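Work through the following exercises with the sequence and the model at hand. Each task is followed by its solution in steps.

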Amino acid sequence: SAGMISTHPVFEGMALIRHPNGTYYIIGSHLTGWNPNPLMLFRAEGKTLDDPKWVAMGNPTGHPTSFNSQPTYVVEYTPSVGEPYFVYMSDNWVHCSRGGALPGMDPLIDACYVWLPIEFR
């Protein structure tokens, strides 16, 4: 089935997360082109996406430009010792080719990546 899952402001670079307790989260980026911005985190009040009732939780990174990153994916990692945790994987279009490590390269071809652990409290 298909349907609308959000009536919140438009955002891009979304990563959907399903926590082991069944709660859904979405991390997204504002529409600012190449300019970095604070991320947005939403939590679903319901246990399914049929009627999620998204609740805005603010910027999960606490950093004004979210470390110059835009969400790509979130993966759950299970180490050989210890508890599983989530890893935020994102693109960084600012510090690579455009005036960064490789001047003159196309930023769409030469993006850098940011990987950060996510802790749910």
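**Exercise 1: surface and burial**

Step 1. Step 2. Step 3. Of the 121 residues, 35% count as buried, where buried means under 20% relative accessible area with a 1.4 Å probe, protein chains only.

The model is predicted: local features need pLDDT of at least 70, side-chain atom pairs count only at pLDDT 80 or more, and totals for chains, interfaces and linings use all residues. Residues are numbered from 1 along each chain as its sequence is written, and side-chain values use heavy atoms, with hydrogens and water left out.

**Exercise 2: elements**

Give the order of the elements from the N terminus on.

Step 1. The protein has seven strands and zero helices (DSSP runs: strands E, at least two residues; helices H or I, at least four). Step 2. The order is therefore β-β-β-β-β-β-β.

**Exercise 3: the largest pocket**

Describe the lining of the largest pocket.

Step 1. A pocket is an open set of points on a 1 Å grid over the protein atoms alone where a 1.4 Å probe fits, with protein on both sides within 12 Å along at least five of seven lines; lining residues have an atom within 4 Å of a point. Step 2. The lining has 16 residues, and Leu41, Pro60, Thr61, Ile118 and Glu119 lie nearest the centre. Step 3. Two or more lining residues come from each of β2 (24-29) and β7 (112-118), with β7 giving the largest share, three residues.

How values were computed. Buried < 20%, exposed > 50% of the residue type's maximum accessible area, 1.4 Å probe, protein only.
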